[in-house]
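This report describes one structure for a reader who is new to the subject. Please keep the sequence and the model in view while reading.

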Amino acid sequence: MSLKSFHLFVGLLSVVGCCAYGMWSILTFLRDGDVTRLLLAVPLLALALAIIMNSVIFYKHTEEEPWL
Amino acid sequence: MSMPYTNEVRPDTGLYNAKLGMWLFLAAEAMFFGALFSSYAFLRTAAESWPVGSEILPVGVGVVISIAMILAGLFIARGWSDLAKPDRGRHATWMWATIIAGIIAILGIVVDHRIEVGQGMIAATNTFYACWYLITGALRAHVVVAVAYTLYLGLPGSDMRRNDPVRYRNRVECLGLFWQFLVLTWLATFACFYVF
C-alpha cells in the first residue's frame, strides 16, 4: 500500500474521529453548559474540514501515483 | 554491483526494498501496540470499577496532541506529494511543519504526564494510570524517533535529495507511512483513555 492510499485512509478515520468527538462535545455543551467543551469542539470540526480540503488537494497531486 | 530494487519497484511484490522493510516494521509495531491495547482491554473488562478518562485526564491537552499528530501526518504526506513536482514545490516547508507538529505532540504528552504527576497520580496509583503512562510513553518514544528521522532527512539527508532524488522520495514515503501509523495509534489512545 502506498502513502497515497494509507494517508487517505488515515484522513478518513481522522475526519470521522474529529466529527464524532466535536459533535459529542457540542451535545455536552448544550446539556451541561460547559463552555470548555465548545472550545474543544470548534477546532476539531475546523480540523475535520481542513483534512477534507487537504485530501482533495493531495489526491489531485498524486493522481498519477499507484494505489498499492 | 548495486543492490536491485533500491529505487525501482520489484515486479512480483510491487514494492521497492525500503517500502517492503517499512511495512514489515509496521506489522511488528502493530503487534507491539496490539499487545498493549489488548492488555488494556483485558485489564479494563476484568476490573470491578474503572475511572472515566474524560473526567480525570486533561482533555484539552489531549485534543491539542490529537490536532498536532493529525497535522504531522498531513504535512508529511504533502511534503511527499510535492516531491513529484518539477520544482519540488514547498517540500522543505512541509518537512519543517511536520517537525514542529511532532515536537508539539511530544511536548503535549510531556505536559500531560507532568500535570498528572503533579497531582500525585503516578503509574503505581491504579491500573488505569499504569496503562495510560505505558501506552502514551511508548507512543511518545515513537514520535521522538519519527521527528529525529524527519530532521535527518531535512538536514544531512538533503544531499540525497540532490544526488539521488528517486531514492530520497522513496525514503520520504516510508517516513510518511510511519507517521500515518503513529496518527492511527494516537487516535486509538485518545478514544480509549480520553473519551470512554
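What percentage of the 68 residues in chain A do buried residues make up?

## Chain A as a whole

Buried residues account for 31% of the 68 residues in chain A; a residue is buried if 20 or more other C-beta atoms, placed from the backbone, lie within 10 Å of its own. The model is predicted, so local features need pLDDT of at least 70 and side-chain atom pairs count only at pLDDT 80 or more, while totals for chains, interfaces and linings use all residues. Residues are numbered from 1 along each chain as its sequence is written, and chains are lettered from A and ligands numbered from 1 in the order in which they are written.

Chain A contains 2 helices and 0 strands; helices (H or I, at least four residues) and strands (E, at least two) are DSSP runs, numbered from the N terminus. Its radius of gyration, taken over C-alpha atoms, is 15 Å, well over the 11 Å that the globule rule gives for 68 residues, so chain A is more spread out than a compact globule. That rule is 2.2 Å times the number of residues to the power 0.38. The C-alpha trace of chain A spans about 50 × 20 × 10 Å along its principal axes.

## Helix α1 of chain A

Helix α1 of chain A covers residues 3–32. Its 30 residues should span 44 Å at 1.5 Å a residue, and its end C-alpha atoms are 42 Å apart, which agrees; the expected span is 1.5 Å times one less than the number of residues.

Among the buried residues of α1(A) are A:Phe6, A:Val10, A:Cys18 and A:Tyr21. The buried residues of this helix pack against α2 of chain A, and also against α3 and α7 of chain B. A:Gly33 follows α1(A) and has a positive phi, near 75°.

## Where the chains meet

In all, 21 residues of chain B are in contact with 18 residues of chain A, contact being C-beta atoms, placed from the backbone, within 7 Å. The largest share of chain B's side, 11 residues, comes from α3(B).

Helix α2 (residues 35–61) of chain A and helix α3 (residues 59–82) of chain B pack at an angle of about 10°, with their axes 11 Å apart. That makes α2(A) roughly parallel to α3(B), a term for angles under 35 degrees. Among the residues that meet here are A:Leu44 and A:Ile51 in α2(A), and B:Val63 and B:Ile67 in α3(B).

Note on methods:
Axes are lines fitted to C-alpha atoms, for helices over the stretch in contact, and angles run from 0 to 180 degrees between N-to-C directions. Angles under 35 degrees count as roughly parallel, over 145 as roughly antiparallel, 65 to 115 as roughly perpendicular and the rest as oblique. Two residues are in contact if their C-beta atoms, placed from the backbone, lie within 7 Å. A residue is buried if 20 or more other C-beta atoms lie within 10 Å of its own, exposed if 12 or fewer, and partly exposed in between; C-beta atoms are placed from the backbone.
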